[in-house]
Every structure is written in C-alpha cells, then in structure tokens.
Amino acid sequence: MALQVSFGVSTWLWTSPFNKDTVALFPKIKAMGFDAVEIPVEDPALIHIADVKSALLDNGLKPIICGAFGPSRDLTHDDPKYHQICFDYLQSCFKTAAELGADFVAGPMYSAVGKARLVSEAQKKTEWERAVNNLYKVCEMAAGWGQDIALESLNRFETDLINNTKELMQLIDDINHPRAKVLLDGFHLSIEERSMEEAVLLAGKKLIHVQVSENHRGIPGTGQTHWDSFKKGLEAVGYRGCVSIESFTPNVQELAGAVCIWKPLAPSQDYFAEQGLAFLKDWARDRFFTH
C-alpha cells in the first residue's frame, strides 16, 4: 500500500539562520519537487512575514515551523527566568506559524538541546514535572493561536530527558492537553528504538509530522535505517502528513558544530535534497526494501 504523504525539506540543509535571504531557496525547493518547506525559527526577528508568505504562495509551498532550543530556551531550567524566555520565544513561533498558515510548531521544546547529563532520580523527577507543567502552559498558548505543538524525542547525546517514543508518549499523557502532539525523526529513532514500526504505533494518531535523514544524517536510503519497518508503522496508523528531510550543512560552522557534522555528507546540498526526495518517493510508492 502506497503512503499518501507529502514531502518537505528543511532550509537547514543549506543555511542557517533563516532570514530575509533564505526565501531565495524556495523556487529551487519547489523545482526539485517538494511540497513543503521547514522554516527553522532561530531568531523570530529575522523572519519577515510578508516576504516569506509571498514566497510560499509564489512557489506553492506549505510552511512547517520548527523551533530551535538553545541553552537560554529551557523549560526545565532551575531558574524560572529561562522558562519565561522560552515562553516569549514560543509566543513568537506561534504568531509566525499562524501568520504563515502553518498548523503547528515542532521541536524538542521540553528542554534545551545539548542538555545531556547524568542526574539523580530526584533531579530528573523535578525536571520532568517542570516540563509537564510548562508544556501545559505552552499548549494553552498554542490553542490561543489555533496551533498544536509537535514534540520530538532526541537521542541520548542531545538530551537526557526524552530519548524514545515511550518516554515521549508518557510526557504527552502527563501534559494531558489536546494540543500536545508528536513529531518523529527517523534519525533519532534509528539510534534509540528497538523497532521503527513499534515507535510509530506508539505515537499513533498523535503523530502529525515526520522528519527523516539516515542513521548517519546523510541522504535517505544510503544507510542502515529500517525503512520498511518505518513505512509499516506509518501505514498502520494512517499517517497522511508530511515526510520532511532534515539534515544540515557543514558550511555553517555554528550549526555544524551543534549537530556534530564535521564533513560533507553529499557531493552538494542540492544533490542531498534531490537524491533524498527521489528515494522517499520510491519508498512511499511501495518499492521493496531489504533492510
């Protein structure tokens, strides 16, 4: 059974941060055959809504808004001032999403990315409760903008709080808000899950966005990802959303350092996008996979 999905790509594949010049990528992204573009909101002040909206319309692309959660945007921090910084930032993200016509804001917004430590059970419990309480507030904020949040698990090298779908679903159950939904990223799943299919089944109807690259962050289809298992899960839950390529360029040092990409993953970033999309379209159309 073929997957009835659309395909997107993150502008992080080419550049960072997203600013007034990034919309120059949109015609190329559309010409490659993508349906959607992920817009990472690193600094809301750099996003010129009118220009981005016009470029989206001109190129027939759907926007997907992704948050960026550095050290100062941390809902589990001991100092509540960092919670407020994150609340203010997310308000800007929801406003951006609403004005551009997106349906949700995605990302690992429960904690700062890179906050990976061995902490006591008491500290972990405290941070979990902060995440639950603060994300409930974020869901209320999202509802005011007509948005959902798509929470993402990260691998153990990027966070110590939510590493797999079981933990993510427990967090969502504890938040207990209808606006709390799920983003699954195949890169993180390939590190942390026993089964791609089982991870998707756990997410179920809460799954509203999917990101992919390879287990080595490279071009989809060139690594060890269990694509057949991933697809079985998506078929079983009736996923009809976007499957979006998310990887990064080694040419932006700050971004490359944050995600530990020390060398090129493809002959060019355009080649990465084109070959990745070709693979994903074959994968969605029932191509047989042996791994």
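**A colleague's note on this predicted structure**

1. Buried here means under 20% relative accessible area, exposed means over 50%, and partly exposed lies in between, with a 1.4 Å probe and protein chains only. Helices (H or I, at least four residues) and strands (E, at least two) are DSSP runs numbered from the N terminus.

2. Residues are numbered from 1 along each chain as its sequence is written, and side-chain values use heavy atoms, with hydrogens and water left out.

3. Back to H5 and its surroundings. At the start of H5, a side-chain oxygen of Asn 164 comes within 3.2 Å of the backbone nitrogen of Lys 166. Just after the helix, Asn 176 has a positive phi of about 55°.

4. Next, the nonpolar interior. A nonpolar core is a set of buried Ala, Val, Leu, Ile, Met, Phe, Trp, Tyr and Cys residues joined through side-chain atoms within 4.5 Å. The largest such core has 87 residues, and Phe 26, Leu 90, Leu 135, Leu 171 and Phe 230 have the most contacts inside it. Setting aside neighbours within four places in sequence, Phe 26 is in contact with residues including Phe 18, Val 37, Ile 39, Val 52 and Leu 56.

5. Which residues does Glu 214 contact in its loop? Glu 214 sits between strand E7 (207-212) and helix H8 (227-236), and it counts as buried because its relative accessibility is 0%. Leaving aside neighbours within four places in sequence, its contacts include Phe 187, Ile 219, Thr 225 and Trp 227. Thr 225 belongs to the loop between E7 and H8 and is buried at 2% relative accessibility. The side chains of Thr 225 and Glu 214 make a polar contact at 2.6 Å. A polar contact is a pair of N or O atoms within 3.5 Å; within protein, one must be able to donate a hydrogen and the other to accept it, and residues adjacent in sequence count only if both atoms are side-chain atoms. The side chain of Thr 225 also reaches the backbone nitrogen of Asn 215 at 3.4 Å.

6. Lys 125 is in helix H4 and is exposed at 51% relative accessibility; its side chain makes a polar contact with that of Glu 129 at 2.6 Å. His 83 lies in helix H3, residues 80-100, and is buried at 10% relative accessibility. The side chain of His 83 reaches the backbone oxygen of Leu 75 at 3.5 Å. Not counting residues up to four places away in sequence, His 83 touches Asp 74, Leu 75, Thr 76, His 77, Arg 130 and Asn 134.

7. How many disulfides are there? With a disulfide defined as a pair of cysteine sulfur atoms within 2.5 Å, the count is 0. The sulfur of Cys 86 is 8.5 Å from the closest cysteine sulfur, in Cys 93, which is too far for a bond. Cys 260 is in no disulfide either, as the nearest cysteine sulfur, that of Cys 66, is 20 Å away.

8. Finally, the record. An unreviewed UniProt entry annotates residues 28-258 as "domain: Xylose isomerase-like TIM barrel". UniProt positions are given in the numbering used here, feature names are shortened, and annotations may be inferred rather than shown by experiment. Over residues 28-258 the chain is 45% helix and 16% strand, with the end C-alpha atoms 26 Å apart.

Key: Predicted model: local features only at pLDDT ≥ 70, side-chain atom pairs only at ≥ 80, totals over all residues. Contact = heavy atoms within 4.5 Å.
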